Amino acid sequence: MKTDYLNAIDQGFSSIYEEYEFLSKHNFIDISRRNLIRNEVNLYLQPQHKILELNSGSGIDAVYFAQKGHFVLATDIAKGAETYISKKIEALNLVNLKFKKCSFTDLKSIENQKFDYIFSNYGGLNCTDNLELIFEQFEELLNPNGYITLVIMPPYYPIEMLTFFKGNKNAFRRWNKNGTEAKVESQLFKTYYYTPNQVKKALSEKYIHIKTTNIGTFYPSSHYESVTKLKNLISKLIQFDEWINKLPLMIEGIGDYYIITFKKIND
């Protein structure tokens, strides 16, 4: 990635970690989503597994898994991530949580370490236009029979698409195959949206697909203003969403995000 693009990501996300911290503690949509994602990861984790987290942000998930007894190496390109996580390590005495400032394009800088799990939450990988470049680095980092769980934003988000009828000219922005310009605070950079099939294709044949679960097919994200006014209704929609997305006939990759999990084939 170009330096100016990486700098924009660094500055943009570093400036909104306070909001993410607040949502993770007080917003019922964000809490329910993180619980769903963590429950998926917990299905495959064994005691004291070593986890490599990409795009760790302020360390919300890294702290959760570290407190469950796992060793976590949190990685992120943003300076703000290092600041937040360093403070949490000290305040919570998490000797099993470490931070390394690096881009997901430079995972080879993680030397002499192997992991049982690679995890990336909340669309961090949507910041790249080259999934293959990232995934090819997993081979040297992931132990045989290790797992990968990625939370990706797909092109098709029905709730956002419906805002077209309210005059939103960007309701179909995710459909742009060449990426869509996103703005985080004052920083602009491109975001790319991937279907589950594109993710599967980008990984090598050394991994088998385990499961894909949609998130937010039938309810809005925590950033919609209507959320606080319609809490009871949206809470019921969340329950319906989680139920219907477990059905085998549900199309994969329809929603605000989806969780996709793979297992590395034993060498």
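The sulfur of C127 lies 15 Å from the closest cysteine sulfur, that of C102, and is therefore too far away for a bond. A disulfide is counted here when a pair of cysteine sulfur atoms is within 2.5 Å, and a search of the whole structure by that criterion finds zero disulfides. C102 is accordingly in no disulfide, with the sulfur of C127 as its nearest cysteine sulfur. C127 is buried, at a relative accessible area of 9%, and C102 also counts as buried, at 6% relative accessibility; buried means under 20% relative accessible area, exposed over 50%, and partly exposed in between, with a 1.4 Å probe and protein chains only.

The model is predicted, so that local features need pLDDT of at least 70 and side-chain atom pairs count only at pLDDT 80 or more, while totals for chains, interfaces and linings use all residues. Residues are numbered from 1 along each chain as its sequence is written, and side-chain values use heavy atoms, with hydrogens and water left out.

Helices are DSSP runs (H or I, at least four residues), numbered from the N terminus. In helix α2, which spans residues 17-26, the buried residues include Y17, E21, L23 and S24. These residues sit on the same side of α2 because they cover an arc of only 165° around the axis, the arc being that of the directions from the helix axis to the C-beta atoms. The face turned away from this buried side carries the exposed residues E18, F22 and H26.

R38 belongs to helix α3, residues 28-42, and is buried, with a relative accessible area of 12%. Leaving aside residues up to four places away in sequence, R38 touches I60, D61, Y64 and F65, where contact means heavy atoms within 4.5 Å.

How values were computed
Helix = DSSP H or I, 4+ residues; strand = E, 2+ residues; numbered from the N terminus.
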